[in-house]
Amino acid sequence: MTRRPAFWLWAVMCLLGLWIAVRAMDAQIGEFPAGAVAGLVLLAPVLAAGVWGLRRLHPVRPRPLGYALIAVAWGGLAAFGTALPANAAFQAIVAKTAGAEFNADWGASIAAPVDEELLKLAGVAVLALIVPCAVRGPLDGWGYGALVGLGFQIAEDFLYVLNTIVLTGGTQDANAAFFTFGGRVVGGAWWSHWAMTAVGGAGLGCLLGRASRATAALAFASVVLAMALHAWWDSPLLPGAALLPVKGAPILLAAVVAYRLARRHYLVRFRRAAREETARGVLLPGEDRVLAFRKWRRKERWDVPGGEPRRLLTRLRTAELDLLEDGFGGLEPDPQAADRLRAEIAVLRRRLEAARAGPPRPGAVPPGPYPDTARPDSA
């Protein structure tokens, strides 16, 4: 990844966003350290649980942790930090053109959807440039968009902790942190930034996976929808904590519908690819069903003796999953990847059969050398 310019763009933008955010919050953190620590203690487990849950939402195998952390870091550092001056500048323009009173009511719902959604969705595009195979369709776009939004959401919640401490007079730091946690996380996390960016990311994933006029139109429509949902949430309509579920329901519903459609699209392509590879003889009959469910693959591994047989089975299933997903698209498709994966699957299958058979009998001819092309365990 470090050989790609997009990686260094990601690193520079994360550092820039961190520098901007620290400059904006360092005075409050220095003045109210107890509240800042309380906010971090409350939000860190939420971030960890969110990353775990969003990775596990993939129907076949969890998204790689490294890719997920790249997305979260972009949202929490690059997008959040650069959004602070961008929103301030945008709202200053709104105040000059429409008046300070209008900006106080509607400025956030005009500026934030444009600045923040574009900055967050840029993280999905940057990840696709860093790792071209990471975003191959709407399901990948949905997942990584949700992770970018989660990072942004946690960073914004921490800022709200500090702002609440100031608004309450700076006398009850910990209470302000708990109050913000209850309102922003318990009451509003179900339909916040992760859901908005997931909707836009699903359409963007279609375009990044396979560029065409239709996918470009779908990506544009999904980004506009994400901005509209964001504008609705930030608008002064339906004020009050009691109406939060009513106001947030359309955002959550849009995210769930987008996920279900993306998941169905993925599984249709996955099963079609599995049937084709079974017909080729690359997959054995019944392996397509094992590959489609994580729990069956876990059970299968436990039914195999530990040590080399289990490691070979894990590598075999990983190679088979990579083969089935190879034709899904991406920014840089490799026309030779499928043939390489088929050859690797054949080698791993022979080695697994030999390992299951046990050590060779005295005087038996040992099997020929096979390339030890180790693959990461993503199965």
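Me: Which helices each supply at least two residues of the lining of the largest pocket?
Reply: This is a predicted model. In it, the helices are H3 (65-98), H4, H5 (138-167), H6 (173-186), H8 (213-234) and H9 (244-280).

Me: Which one gives the most?
Reply: H5 does, with 9 residues of that lining.

Me: How many residues line the largest pocket, and which lie nearest its centre?
Reply: The lining has 39 residues. Nearest the centre are Glu156, Tyr160, Arg184, Trp233 and Asp234.

Me: And how much space lies in there?
Reply: About 1200 Å³ for the largest pocket.

Me: How does one find empty space like that?
Reply: A probe the size of a water molecule is rolled over the atoms, and this shows where empty space is left.

Me: OK. How do the lining residues of the largest pocket divide into nonpolar, polar and charged?
Reply: There are 18 nonpolar, 15 polar and 6 charged residues.

Me: Now the second largest pocket. How much space lies in it?
Reply: About 1000 Å³. The second largest pocket has 43 lining residues. Tyr67, Cys133, Ala134, Arg136 and Asp322 lie nearest its centre.

Me: What does its lining have by class?
Reply: The second largest pocket's lining has 19 nonpolar, 9 polar and 15 charged residues.

Me: Switching to the surface. Which residues make the nonpolar patch?
Reply: Phe102, Trp106, Ile110, Leu237, Leu238, Leu243 and Val246. The patch covers about 530 Å².

Me: Where is the place of Trp106?
Reply: Trp106 is in helix H4.

Me: Why does Trp106 count as partly exposed?
Reply: Its relative accessible area is 31%. Buried means under 20% and exposed means over 50%, so Trp106 falls in between.

Me: Zooming out. How many helices and strands are in the protein chain?
Reply: The protein chain has 13 helices and 0 strands. From the N terminus on, its elements run α-α-α-α-α-α-α-α-α-α-α-α-α.

Me: What does the C-alpha trace span?
Reply: About 90 × 50 × 40 Å along the principal axes of the protein chain.

Me: Last one. What share of the residues is buried?
Reply: Buried residues make up 49% of the 379 in the protein chain.

Terms used
Residues numbered from 1 in each chain as written. Predicted model: local features only at pLDDT ≥ 70, side-chain atom pairs only at ≥ 80, totals over all residues. Heavy atoms only, no water. Patch = residues over 30% accessible without salt bridge, like charges linked within 9 Å, V, L, I, M, F, W, Y side chains within 5 Å. Areas by Shrake-Rupley, 256 points an atom, 1.4 Å probe, with all protein chains shown as cover. Salt bridge = Lys/Arg side-chain N within 4 Å of Asp/Glu carboxyl O. Helix = DSSP H or I, 4+ residues; strand = E, 2+ residues; numbered from the N terminus. Buried < 20%, exposed > 50% of the residue type's maximum accessible area, 1.4 Å probe, protein only. 1 Å grid on protein atoms, 1.4 Å probe; cavity = no way out; pocket = protein on both sides within 12 Å on 5 of 7 lines; lining within 4 Å. Points joined across faces, edges and corners; volume = space filled by probe spheres on them. Nonpolar A, V, L, I, M, F, W, Y, C, P; charged D, E, K, R; others polar.
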